[in-house]
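User: I am new to protein structures and would like to learn how to read helix packing and charged pairs. Could you take me through an example step by step?

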Amino acid sequence: TAPNLPDEERWRRAATHIGLMARWCAERGSACGVDDTEDTMIAEVAAGRRTGTEWLGDFSSYKFVSEQIKDTARSFIDAYYGDNGLYLADIDKFLGDKIFTVVEEDVSYDEFRQMVDKRQIDFEKHGSPAVTNSNA
């Protein structure tokens with residue numbers, strides 16, 4: 001962890017991995033806000049002008065909640081990012097011991113996107129709620 005940082009900055013860094021997933025959803029049109037202000041922020045994230053971490057920090061205390069995911073994307077997100085999904089194992093391999101200290105701007109989003117895209121392709125191919133372990 002980063003003990004010498006202010007609380008808000010520590011929370012922001014701890015939420016980086018969640019912000020990456022939120023950005024991935026925003027880019028695919030799978031994210032939704034509770035009002036026009038949040039929808040505008042999501043559009044900014046999708047366009048790469050803001051980070052997913054900023055969006056979550058401004059609107060949901062750095063949490064990515066089910067209300068921010070469109071119903072059409074929920075089956076994959078639940079299977080991959082949910083309690084029994086492979087997201088935590090993937091993000092552990094991707095960020096390693098930096099998971100709670102790195103900021104989103106210092107992470108290769110393109111590599112993250114490729115990792116999640118592969119999982120989504122596997123999910124769509126197999127047509128079931130279980131995501132295969134092809135990234136392992």
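Predicted model: local features only at pLDDT ≥ 70, side-chain atom pairs only at ≥ 80, totals over all residues.

User: Which residue does the side chain of Arg119 meet in a salt bridge?

Analyst: The general idea is that side chains of opposite charge can pair when their charged atoms come close. In this structure the partner of Arg119 is Asp90, and the two side chains form a salt bridge with an N to O distance of 2.7 Å. Asp90 is also counted as buried, because its relative accessible area is 2%, and buried means under 20%. Since Asp90 belongs to helix H6 and Arg119 to helix H7, the pair ties together parts that lie 29 residues apart in sequence.

User: How should I describe the way helix H6 and helix H7 cross?

Analyst: In general, two packed helices are described by the angle between their axes and the distance between the axes. Here the axes of H6 (residues 87-95) and H7 (residues 109-126) come within 11 Å and cross at roughly 150°. That angle makes H6 roughly antiparallel to H7, because angles over 145 degrees are counted in that way. The crossing in which H6 passes H7 is right-handed.

User: Which residues make the contact between H6 and H7?

Analyst: On the side of H6 they are Tyr87, Asp90, Ile91 and Phe94, while H7 contributes Glu111, Phe112, Met115 and Arg119.

User: How many salt bridges does the structure hold, and which parts of the chain does the pair of Arg12 and Glu105 link?

Analyst: The structure holds 14 salt bridges. In one of them the side chains of Arg12 and Glu105 meet at 3.5 Å, N to O. This pair links distant parts of the chain, since Arg12 sits in helix H1 (residues 7-14) and Glu105 in the loop between H6 and H7, 93 residues apart. Arg12 counts as partly exposed, at 24% relative accessibility, and Glu105 likewise counts as partly exposed, at 47%.

User: Which residues are linked in a network of salt bridges?

Analyst: Arg23, Glu27, Arg28, Asp110, Arg113 and Asp117 are linked in such a network.

Conventions: Residues numbered from 1 in each chain as written. Heavy atoms only, no water. Axes fitted to C-alpha atoms, helices over the stretch in contact; angles between N-to-C directions. Helix = DSSP H or I, 4+ residues; strand = E, 2+ residues; numbered from the N terminus. Parallel < 35°, antiparallel > 145°, perpendicular 65-115°, else oblique. Left-handed = near helix turned anticlockwise from the far one by under 90°. Contact = heavy atoms within 4.5 Å. Salt bridge = Lys/Arg side-chain N within 4 Å of Asp/Glu carboxyl O. Buried < 20%, exposed > 50% of the residue type's maximum accessible area, 1.4 Å probe, protein only.
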